[in-house]
Amino acid sequence: MKKYLVKILSILSILTFVVMISCQNKDTKEIVVQEVKKSLPTKIAAPAPSPSATLKQKVGLTDVSITYSRPGMKGRAIFGNLVPFDKIWRTGANKNTEVTFSTEVMVGDKNVAAGTYALYTKPGKNKWDVILYSASDNWGNPKEWDDAKVVASATVDVIKMAMDVETFTITIDDITNNSALLGLLWENVYVGMPFTVPTDKAVMASIDEVLSGKPNARAYYDAAVYYNSENKDIKKTVTMIDKAIEMSKENPQFWILRQQSLIHAKAGKTATAIAAAKLSLALANKAGNADYVKMNEDSLKEWGAK
């Protein structure tokens, strides 16, 4: 009888263990299923109809950054249809387009402080109004337009292009040391808003500071090149480039000599311009720099060198 009871208890223990394992497996399966459900993605990975873009460009010493969305024509007529004439347009798609300047700039006769602005436009058949708006956190156009938030605006001509541009595009064009155009292209239209940057003031301050210390040949070279590019005092320009040549005479460089030749020619010093160009040509040939070889050869021909 005792052996029989022990056998019964053993069987019951085994059954209890099996039931417990089954329950645990069931619980584990339910947990796994719940975790899988939690980890399933909820958003479809698909391209945006109007993909976002960021343009970065340095103009002079000013960093310009533009963030915008780029709609496509997709067989639609754009200006005067999808984008009505004479109404404020978000100038892109989705969130309003943002323009950021790292320094103060000038649009028309208005000073625009460094910062981020919304870019709006009012397209017309022949002219557009291009507007910088201080509130840059709108989704598209502001719910209520506030003229007090217009920081600057410019009325610019429409230029018709010979071909269509499928995707709305913003560019920075016609870059100089002190200015550029903020260009807008879509369909067969281009408009460009001019703006200026305070490069000259900053560069002249830097030149004065560096040259008043212990300048090296590169400092004199950089100063001379800037003076020459901006058509500043030619006598000072000659003095600075000659100083750069004097300080680097132990290791003459063809690109510095090239600038000396151009500056001397501009100052009417043809003989010394030719001498500098010949030496620059010889060093460029030795260095295997075909671009400088051709530039020097062209200049020597222009100046009547023999």
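**Notebook: salt bridges and a helix pair**

I looked up R218 and D222 and found both in helix 3, four residues apart, about one turn of the helix. The model I am reading is a predicted one. R218 forms a salt bridge with D222, and their closest N and O atoms are 2.9 Å apart. I noted that D222 is partly exposed, its relative accessible area being 38%.

I next asked how many salt bridges a search of the whole structure finds. The search returns seven.

I then turned to helix 7 (residues 290–302), where D298 and K294 lie four residues apart, about one turn of the helix. These two residues form a salt bridge, with the closest N and O atoms 2.8 Å apart. D298 counts as partly exposed, at 40% relative accessibility.

I also recorded the salt bridge of E246 with K249, for which the closest N and O atoms are 3.0 Å apart. E246 is partly exposed at 44% relative accessible area, whereas K249 is exposed at 52%.

Finally, I returned to helix 3 (residues 217–229) and examined its packing with helix 5 (residues 254–266): the angle is about 40° and the axes are 11 Å apart. Helix 3 is therefore oblique to helix 5. Helix 3 makes the contact through Y221, A224, V225 and N228, and helix 5 through W255, I256, Q259, I263 and K266. Sorted by class, the residues of this contact are six nonpolar, two polar and one charged.

Terms used:
Residues numbered from 1 in each chain as written. Predicted model: local features only at pLDDT ≥ 70, side-chain atom pairs only at ≥ 80, totals over all residues. Heavy atoms only, no water. Axes fitted to C-alpha atoms, helices over the stretch in contact; angles between N-to-C directions. Helix = DSSP H or I, 4+ residues; strand = E, 2+ residues; numbered from the N terminus. Parallel < 35°, antiparallel > 145°, perpendicular 65-115°, else oblique. Contact = heavy atoms within 4.5 Å. Nonpolar A, V, L, I, M, F, W, Y, C, P; charged D, E, K, R; others polar. Salt bridge = Lys/Arg side-chain N within 4 Å of Asp/Glu carboxyl O. Buried < 20%, exposed > 50% of the residue type's maximum accessible area, 1.4 Å probe, protein only.
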